[in-house]
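Have the sequence and the 3D view open while you read.

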Amino acid sequence: MRIVAERYLILEDGTVFSGEGFGAPAVTFGEVVFNTAMAGYQEIITNPVYFNQIVVFAQPNVGNLPLHRNIYETITPPIKGVVVRDLAAFNRQGPRQVSLDQYLLQMNIPGVTNIDTRALIHRLNAAGRPLRGSIVPVADDHAFDQLHATVLTNQQVAQVATPKPFPNPDVGQTVVVIDFGLKNGILRELSRRKCNVTVLPFSASAEEILRLDPDGVVLSSGPGNPQNVRSSVLTMIQTVQKRVPLFGIGLGHELFALANGAKIRRLPVEHHGQNHPIKEIITDQIVYASQAEGFLVERDSVDRQALYVTYVDLLDNSVQGLRHRQYPAFSVQFFPDGAPGPDETNALFDEFMEMMKEEHL
Amino acid sequence: MTAEPVVLIIGAGADNLQHEGELNAALVKVAQALKKSGYQTHLIDNNPFNVAPELPAVIDHYSVAAPTVANLTRAIEQLQPAALLPTLGGRAALQVTERLATSGILNKYGVKIMGMPVATIRQVNNPSVLNQTLKQIGATTKKIAPVTTYADARDLVDEIGFPVVVRSVVPQAGSLRRIVHDYHELQLAVSTAIQHSPSHQAMVQQSLAGLKEIEVVVARDQSGMMMQLAMVEDLDPIGIHAGDSVAVLPTQTLLDRQIQDMRDVAFKITRKLRVVGINHVQFALNQLTGQFYVIKNSPYFDRLATFVEQATGYPVARVYGHLVAGKLLRDIRLDHGLAKHTAAMEPVLDRTAIRLPVFANDQLGVQNKELTTEKQSVGSVLGLGRSLLEALLKALGELHPDFYALADLGDEELDQLLIHPRPNRLLPVFEAIRRGYLTSELSELTKLDQYYLDQFKRLVELEKRLLQAPKDRAALTAAKYWGFSDRLIGQLWQCSVTELRALRQEWQIHRTFKEVDPSAGELAQHPGTYYATFEMENESQPVAKPRVLLLGAGPRTLGNGVANDYLLTRVAAEFKRQGYAVVVVENNPNSALLNRAVATKGYLEPRDYEWVAAIMALERPDYLVSLACPFAAELPLVKAGTTRALALPPASLTAPVAHEVRYQYNVFFDGHYTYPLGITRLLLTPAGIKTEFAPDLPAGLGQTLAQAGEAAVSPELAPGLYQVEGQLIDGQLAIQPIHQPAPWMLVFLSQVTGLDLAAVWVRLALQKFSGRLLTAAMQGQRRQATRLEALFPYAALHLNRSTRLSEMMGARLEIE
């Protein structure tokens, strides 16, 4: 039986939401963002993109299923808190019957349930800027002082990316994945296609990458502002894109855009979900994909000589995909690996495979 | 006549066990969208309770005729329509359309079929052809094969596993089916089946009973763009008809991987069948192996589509109208407070929605009937909440009198109810949890996912807490937060709902209202439909004055069918015409009232005291309008005189049980004058019930009846519609006391006289009635329809029963 204690989510604008605690009884700080996906809580909370963020689930019933061993997106999730309306009652026992509550306790992550998450989402929308929040046992002045005094790092990638290279061998094409906060979905898709993968830290130089003689390079997704990632990464991208096929995803897409002269803007309210219509310009078809966006490429800043836009989000007209005019390099803002989310853009990995094959000829 | 192309819409015909008004409600919205796209709408239908033709700017031309091949052929020859819409008439309309296509008439007049190509219609009408197509695209379906020997059967079973269903191959339908679980049973069943088959063949079929049922609704436009409108999970396993199952949206117990796999297959099928509009795909999912099977594909409008619409706030029917008219999802602009591009945005929920079937088995004298693959429920109710329990308890509100009725049941009897589920099967499940059954064990017995049982356990724990702490503020706060109704708490605390309302007010336990928006709060959208919960933020503000609060008719019941919904919809329309904002409270997802063109604002809530009182406190309506509101006098605002309660005249005479002929004089009385509406003859026989307008009468009878009727209207009577009945006994007309006719009769009279009797009633209530209106209208054209035949669910439920008016399920109109 879970021990129920009052717990609060406080926001830097002074708002207090009271609920019941679950998971770890830790006090944490983070930006508060909301996700409108209908399922897949495990993939969401284990996505490293949520480093230093507290995630609010719009869908009220969360934790209905036990954690499943095949679908983690990382080993140690860097998320700072989970906020839900209705944490599922869970009376299962036995192996492979770990509840969300138990898992968050193990991972030292706090959760709050019985929150008016819809009101909270309205609050986040109304603020028009990212709001920091804290999960606390007492919502007093001290808690607010602590929240206001907290400085969240702007070096998110350095906190979550691997410091050391590691291999993920297979028998197919050789791919280097640059880890900016890699989610397992990307590795899963490459494994499915038998890629012989080496994951390198984001600090890897073009020389170190090319020394492995890869057929292609993937720039992974990850947390935070791409403009705060060390500038050597941009130089690396500029060099590598000339030599081998390149595929950028999420933060990797933003960095690819920056490396090619585009500008990045911060969204006033982050968008996390999988229900926006995204138009593929070349086919004029609409697809759906998981999105976790805090930053977007400025459409007007895209250098049409170097890049062209491949996907746009119909709702806000934002750039969702880019392709280089000269080099075999492309990128998407969304997650083509799903996990969780639709498979419709999954074929982008096949496209990347084709690209690597062609470059070999 | 303008040059706008005509679309011929095939109506659904009489309501039956499969249709409970949802097609008519959808028709209104679809037709409005078609008109917006530049079509003239022509409807062929013979359902007297179809309100679509009566609403302004919906149906341009209405032919009262059964939607048969002959009638449609005639209509096509006369109208030469540009298009035919076969997807609002259920399966029957698709069968009719296939025959029309085969006859060549569609080609002859260049009539385009909306929604799907003919080839698809042929496949949908022929399951084995459809199965072939599904196989081609790699979708797994149930394995089925003929065998002639036990050895063949054993080989097949080795491949597909037990259990299997074995039946003999016989030319006629109705061969015996046996479900077998082991080789011994198989041997026996196969040899029996082969013996009974003239061709010495047995069919061995994989049984999917016990698997989880998942339903997906996909929208597709003519450019091929697809989106998932919803994925619905049925609590009850395969083996219980989806319409008799408790349905929940969004799915609660699926991994994202499973969701995406089923989505991919649903998209593939929809693309392959080239459906334009919506497609409803049903799956059976084996949770242990992850394997899933396509069990049904319905590319037409049905019950699920309306549930999805009300649960998500996504305007499924309106979008559907635009899609079949050829618009693309990305180009559809939705008004009614919805954001740009919402049509192309997959709906997401920040609420849980439950659809609960409503049964009439007690009324029909059917006891102990197990739930099977054949549908038994007659209606359904929707519950929306911010947690699974809240949504479920709201839907279960209709069952509150029976909630604790199983307390005295023996353990063995209870086990039987758990293993062999009957209507309202959740009540024994709750009882089992009260008695300490482990949820894991119960999951085995009931085939309900343990997730649900664990949530039900929380419900039982809350009950215990309430029992242990009578009149305790914290217990009440918790119970309300998780969705307990005042009725349930009242049963546990032995107090009335008015007392509980007072306690809640004293303790500041306030209900708040949330808007049903399809983006889960991401976008600022205001579709104007709300539901209640107990949280911080309230989103509902009163609508502009003057306003009425209209209580919907609730789930369909036997007796009036959806006539109540028809009348209330016309009442709403008239109030709007009179300049009132109409606020509706309704929990039947299939109601025609749930349409922003009909009502200004909607609350998807139970129509019981506690909700009505709360909504009234917020809206402060000038009028409270209902068919009957037993607690009206107890409502604070009615007591205070702020709100006037108006109830449509109840049928003051209990429906006749005897089988006989009754002559009825129908008259409208405005308090001063009488307006005769004509004579009807009610024919009650064990085989059927019919009523006929302006029948041929024995000489002199009409005059005698009219005199008696006029005499029976005394000045003390309240204004309204009255009926004076007479029976011929030994050649003499025996006159019964004057009474007010039942709602279905009001509908019939409205149709045959062409008078909007609902509007007349509204005007009377508003004191805006003028006899001149009625006289003028009556001199106008009358409808040709002369007979209404009542229809009953007996055959569908395998009941051998003589007809009773109180068990009418639907009706059809006949024209001389």
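Which residue just after α17(B) takes a positive phi? That would be B:Gly483, with a phi of about 105 degrees. Keep in mind that this is a predicted model.

**A helix in chain B**

Let's stay with α17(B) for a moment. This helix covers residues 473-481 of chain B, and its buried residues are B:Ala475, B:Leu476, B:Ala479 and B:Lys480. Look down the axis of α17(B) and you'll find these buried residues within an arc of 125 degrees, so they line one face of the helix. What do they pack against? The buried residues of α17(B) sit against α16 (450-468), α18 (486-493) and α19 (497-506) of chain B.

**A covered strand in chain B**

Now move to β10(B), residues 212-220. How many of the nine residues in this strand are buried? Nine of nine, which makes β10(B) a mostly covered strand. In a regular strand the side chains alternate between the two faces of the sheet. In β10(B), B:Lys212, B:Ile214, B:Val216, B:Val218 and B:Arg220 point one way, while B:Glu213, B:Glu215, B:Val217 and B:Ala219 point the other way, and all of them are buried.

| Partner of β10(B) | Residues | Sense | Bridges |
|---|---|---|---|
| β13(B) | 277-285 | antiparallel | nine bridges |
| β11(B) | 226-234 | antiparallel | eight bridges |

**The seven-stranded sheet of chain B**

Further along chain B, seven strands make an open sheet with mixed pairing, in the order β17-β18-β21-β20-β19-β22-β23. Its edge strands are β17 (512-515) and β23 (644-647) of chain B, each of which pairs on one side only. On average, neighbouring strands of this sheet are turned by 25 degrees against each other, direction ignored.

Inside that order, β18 (529-533) and β21 (601-603) of chain B pair in the parallel sense over two bridges, with B:Tyr530 opposite B:Tyr603 in β21(B). Helix α21 (609-619) of chain B lies across β18, β19 (547-551), β20 (581-585), β21 and β22 (623-626) of chain B, and runs at about 170 degrees to β19(B).

**The ten-stranded sheet of chain A**

Over in chain A, there is an open sheet of 10 strands, again with mixed pairing, in the order β10-β12-β11-β13-β14-β21-β20-β19-β16-β17. At its edges stand β10 (166-168) and β17 (285-287) of chain A; each has a single partner strand, so one side of each is left without a neighbour in the sheet. Neighbouring strands of this sheet are, on average, turned by 25 degrees against each other, direction ignored.

For one pairing within it, take β14 (246-249) and β21 (329-332) of chain A: they run parallel and are joined by four bridges. The bridge partner of A:Leu246 in β21(A) is A:Ala329. Helix α9 (251-259) of chain A packs on the sheet, touching β13 (216-219), β14, β20 (319-324) and β21 of chain A, and its direction makes about 120 degrees with that of β14(A).

Chain A splits into domain 1 (6-149) and domain 2 (156-360), whose C-alpha centres are 27 Å apart. Their contact takes 25 residues from domain 1 of chain A and 23 residues from domain 2 of chain A. On the domain 1 side, β3 (28-35), α1 (41-45) and α3 of chain A each supply at least two residues, and β3(A) gives the most, with three residues. That side divides into 14 nonpolar, eight polar and three charged residues.

How many residues does each chain bring to the contact between chains A and B? Chain A brings 40 residues and chain B brings 41 residues. The elements of chain A that give two or more residues to this contact are α3 (117-127) and β17, and α3(A) gives the most, with five residues. The chain A side comprises 19 nonpolar, 14 polar and seven charged residues.

Terms used. Residues are numbered from 1 along each chain as its sequence is written. Chains are lettered from A and ligands numbered from 1 in the order in which they are written. This is a predicted model: local features need pLDDT of at least 70, side-chain atom pairs count only at pLDDT 80 or more; totals for chains, interfaces and linings use all residues. Two strands pair if DSSP finds at least two bridges between them. Axes are lines fitted to C-alpha atoms, for helices over the stretch in contact, and angles run from 0 to 180 degrees between N-to-C directions. Two residues are in contact if their C-beta atoms, placed from the backbone, lie within 7 Å. Ala, Val, Leu, Ile, Met, Phe, Trp, Tyr, Cys and Pro count as nonpolar, Asp, Glu, Lys and Arg as charged, and the others, Gly among them, as polar. Domain bounds come from an automatic or database domain assignment. A residue is buried if 20 or more other C-beta atoms lie within 10 Å of its own, exposed if 12 or fewer, and partly exposed in between; C-beta atoms are placed from the backbone. The arc is that of the directions from the helix axis to the C-beta atoms.
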